[in-house]
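I opened the model and kept notes as I went. Entries follow in the order of looking.

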Amino acid sequence: MCVALCIRMRATGSGTPGQRDRRGNIPAVNDTIESPKIGILVVAYNAEQHLSQTLDRIPEDFFDQLTEVFVCDDASQDDTYGVGLAYQERAGHRPIRVVKHPVNLGYGGNQKTCYMEALRSGASI
């Protein structure tokens, strides 16, 4: 099982990042970076024994900054998906989404679809 953070920030200022102004200076980005939308990806396979403990390690006060926690089960042979759904139900206000793939995509395939799910949901980090 892996917990991954995908980092992507966008500058909202004028010009291209790294582009120099008329004087040859690179403009400061300071206030031009959007507030990031944070998502946590939990890529899981046969992780029913460890999934709840992994999710419990996310600090409570950090959840206020999260867009969502994505638990992506890669067609596990155990009850990883059921554990994820039970955790989601107990989590109350915590934004958790549990996804199960019908066929095993392998680690890279599961991770890729989890990233895509997070991006579709609006996460930027």
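I read the element order first: from the N terminus it runs β-β-α-β-α-β-α. That makes 3 helices and 4 strands in the chain. I took helices (H or I, at least four residues) and strands (E, at least two) as DSSP runs, numbered from the N terminus.

Ground rules. This is a predicted model, so I kept local features to pLDDT of at least 70 and side-chain atom pairs to pLDDT 80 or more, with all residues used in totals for chains, interfaces and linings. Numbering starts from 1 along each chain as its sequence is written, and side-chain values use heavy atoms, without hydrogens and water.

Next, burial. I call a residue buried under 20% relative accessible area, exposed over 50% and partly exposed in between (1.4 Å probe, protein chains only). By that rule 32% of the 125 residues are buried.

Then helix H2, residues 80-90. Which residues of H2 are buried? I found Thr80, Val83, Gly84 and Tyr87. They lie on the same side of H2, because they cover an arc of only 100° around the axis. The arc is taken from the directions from the helix axis to the C-beta atoms. Their cover includes strand S2 (38-44), helix H1 (51-56), strand S3 (66-73) and strand S4 (96-100). After H2 comes glycine 92, with a positive phi near 60°.

Last, glutamate 117, in helix H3 (residues 106-120). Why does glutamate 117 count as buried? Its relative accessibility is 18%. Leaving out residues up to four places away in sequence, glutamate 117 touches Phe70, Arg97 and Val99; contact means heavy atoms within 4.5 Å.
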